[in-house]
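Please examine the sequence and structure shown below. The briefing that follows treats backbone geometry, a sheet and surface charge in turn.

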Amino acid sequence: MEKFYLTTAIDYVNGAPHIGHAYEKILTDIIARHYTQRCDDVYFLTGTDEHGIKIQKTAAAKGTTPKELCDENAQKFKDAWKALDIDYTKFIRTTDEEHEKIVQHIFDKLLKQGDIYKHSYEGLYCQGCECFLNAKDLTEDGLCPDHLKKPEVVKEENYFFKLTKYKDAIIKHIKDHPDFIVPEFRANEVLNQLEDIQDISVSRAKSNVQWGIDVLGDDEQSIYVWIDALSNYITALGYDNENPSENFKKYWPADVHVIGKDILKFHSIYWPAFLLALDLPLPKHIFAHGWITIDESKMSKSLGNVISPTSVLESFNLEHPDAFRYYMATSAPCGRDGNYSDDDFKEKVNAHLANSMGNLLNRTLSMLVKYFDGEVKAEFKGENPLAKKALGTIQIVKNHFDNFEIAEAGLEITSLVDATNKFVQDTAPWTLAKEEKMDECGQVLVNVLDIMCIIASLIYPYCPNIAADMAKQLSFDLKTKLDDLTTDNIKCGKLISKEDIKPVFLRLDSELADKSAKKQ
């Protein structure tokens, strides 16, 4: 694998980031970190979507300019991702001058080649969806099914994109590439939507929407939403109609777009059509994740259950975001909805990260110090009974990531931790020491520590800080590629002293962590 290019959806900045935004970014960051363990060149793009009527109206209501509102909220997203250790390569804003210029040229190219035309139109427009809806798509009460608001009747002369021209090619691509849309069960949903697809508006009259990118040669129209927003995946790489950048030639097509299921239509129908019109290859995969509910209820401002991702870190007084990252990433099977609750968060991370994984490392190293003064002797090295399980787990985890099954991969790592804990219980090294079978005792401890190196490597994408602490105590190089991992990782000689053994994750209710209760 020479390169891996992945993107998130760009977030709309008429509000601050919430836990749903965080879920997507955490998933994508974990995928990115995993692929850094398999190839040397990973490019991770995220950013913000900053044009449109909602920004215009929100700014007016606040008595500020659209650009000032975008600047303020874009920084909130950057700050949140920093707090969650989201290690992106580039953060694109659709108000970036370079992005706006390239979008104008894309629009102009499609207009000149006849894929965009001007047309007078009257339709039902949903501001939340940023698109026109058919009457048959509405609820019985005439509401948008996603936003539960009545769309407004809009009559304008706009530019339209010939989406219908590319309908058959998109259908063929989806059918010929069953892994194009992940999870696969969403493909039928998209194919059904394609049956009634119509040409789409790609501009708005400036008399109604001023906050957008100007159409070249037409002072009365703004490029609107989908050509603007979706094109970020190629403008960030320096796409140019005539002279593409080295970055574009190197990274395009994207290996995966990570998006929410609510915008799958735009990514699996509109975006492929734009690319086909530009004569560009399509992305390899579109991964549509589910939604995150709060205590089994959909997030809603009216319910007052919209949670800021950083508020969870602050509430539990977490020094780093690893526990939250792990919990969110393993909250739902691939493409399904997940749920966040304080109680479940506390219970799950205590069980998996503190009791199982952290305690396993801590007590094994403590026994090595107690019985052997922290020294690994040559006679402790030998065949590892856990080798087959551990090496098999590496391959299973890789396979899960190839299918963007992030929660499933996390549970497989937990399974390896459980198997290693069982091995310790079954072999009882403390009993071997009591019986003065010291070589056998040492072999058990080193067998476990060798597997802990593999566990540290596998858990790294989810919990980079915990993994780094584990690796430090094991004198293990976390930069080791997955294909280079072995079950002979612990070197002979002095490994660790008593004062260097520290818990890698304290229970959320432990006295040491001063987390017996959430902050009041």
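Helices (H or I, at least four residues) and strands (E, at least two) are DSSP runs, numbered from the N terminus. This is a predicted model, in which local features need pLDDT of at least 70, side-chain atom pairs count only at pLDDT 80 or more, and totals for chains, interfaces and linings use all residues. Residues are numbered from 1 along each chain as its sequence is written, and side-chain values use heavy atoms, with hydrogens and water left out.

**Positive phi**
- Val 225, which is not a glycine, has a positive phi of about 60°; Val 225 lies in the loop between strand S12 (218–223) and helix H7 (226–230).
- Val 225 is buried at a relative accessible area of 9%, where buried means under 20%, exposed over 50% and partly exposed in between (1.4 Å probe, protein chains only).
- Asp 85, also not a glycine, has a positive phi of about 55°, and Asp 85 is partly exposed at 23% relative accessibility.

**Cis peptide bonds**
- The bond from Val 182 to Pro 183 is cis, with omega near 0°; Pro 183 is in the loop between strand S8 (181–182) and helix H6 (186–195).
- The bond from Trp 252 to Pro 253 is cis as well, with omega near 10°.

**Sheet**
- Four strands form an open sheet in the order S6-S5-S7-S9, with antiparallel pairing (strands pair if DSSP finds at least two bridges between them).
- Strands S6 (131–133) and S9 (200–201) each have a single partner strand, so one side of each lacks a neighbour in the sheet.
- Leu 124 has Leu 133 in S6 as its bridge partner.

**Surface charge**
- Asp 343 is located in helix H13 (residues 342–372) and is exposed at 63% relative accessibility.
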